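The entries below follow the order in which I went through them.

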Amino acid sequence: MTTALIAGVWGQEVVDTAAGGRLDAYGILPRDPGTFWHVLTAPFLHAGFPHLIANTVPLAVLAFMGAVRNVWRFVAATLIIAVLGGALVWLFGRGGSVHLGASELIFGYLAYLLGVGWWERTPVAIGVAALAFALYGGILWGVLPGTPYVSWEAHLFGFVAGLVAALVLHGRRPARRATA
């Protein structure tokens with residue numbers, strides 16, 4: 001699953017480069033009614049190979065960590081992150097700019113893994129969450145405004161959507177048995 005995701009974003013960037021970067025127009029244009037559906041395409045587009053290269057390793061690692069236990073929950077989490085995170089970027093993102101890139105998914109997957117650890121509270125889920133935080137917790141500064149050409153909104157709303165995905169998909173814990 002992770003291999004297909006990485007191959008897909010790389011293949012798409014090859015096609016985009018051959019098309020002169022025209023596919024980048026399918027990024028999120030905040031509050032433009034005709035482009036709301038771009039929430040489904042924006043996380044898979046990149047503003048060139050340097051942008052894609054910067055996103056590839058964290059995307060691959062966090063996607064693998066999210067998919068290894070249950071592929072279908074990972075697919076559901078990806079859809080929640082892309083749709084909810086993208087919708088929030090579309091609603092609240094800076095106007096006059098195109099928001100695109102896998103960082104929405106990266107921040108979403110990190111939040112998803114942290115949320116699964118919180119809501120499941122099993123040793124495996126907590127261990128995976130701790131490992132994800134140790135590897136990529138430093139990126140959390142990216143949810144704050146900074147570089148004008150970086151969509152901190154996609155980072156922030158991807159993270160929020162990842163937490164929602166973890167809550168929806170893992171939020172119910174079995175009831176504890178009462179001990180006498």
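Entry 1. I started with charges over rings: the charged end of arginine 121 lies over the ring of tryptophan 118, at 4.2 Å from its centre. I note here that the model is a predicted one.

Entry 2. Next I counted ring pairs and got 5 aromatic pairs. I took up tryptophan 10 and phenylalanine 49, whose ring centres are 5.6 Å apart. Their planes stand at 35 degrees, so I logged the pair as tilted; stacked would have needed planes under 30 degrees apart, and edge-to-face over 60.

Entry 3. I checked where the two partners belong. Tryptophan 10 is in helix H1 (residues 2-18) and phenylalanine 49 is in helix H2 (residues 49-67).

Entry 4. I then turned to phenylalanine 36 and tryptophan 90, an edge-to-face aromatic pair. I noted 5.1 Å centre to centre and 90 degrees between the planes. Phenylalanine 36 is in the loop between H1 and H2, while tryptophan 90 is in helix H3 (residues 71-92). They are 54 residues apart, and this pair too links distant parts of the chain.

Entry 5. Phenylalanine 36 is partly exposed, at a relative accessible area of 35%. Tryptophan 90 has 15% relative accessibility and therefore counts as buried, the cut-off being under 20%.

Methods: Residues are numbered from 1 along each chain as its sequence is written. This is a predicted model: local features need pLDDT of at least 70, side-chain atom pairs count only at pLDDT 80 or more; totals for chains, interfaces and linings use all residues. Side-chain values use heavy atoms; hydrogens and water are left out. Rings of Phe, Tyr and Trp (its six-membered ring) pair if their centres lie within 6.5 Å; planes under 30 degrees apart count as stacked, over 60 as edge-to-face and the rest as tilted. Helices (H or I, at least four residues) and strands (E, at least two) are DSSP runs, numbered from the N terminus. Buried means under 20% relative accessible area, exposed over 50%, partly exposed in between (1.4 Å probe, protein chains only). A charge sits over a ring if NZ of Lys or CZ of Arg is within 6 Å of the ring centre and within 35 degrees of the ring normal.
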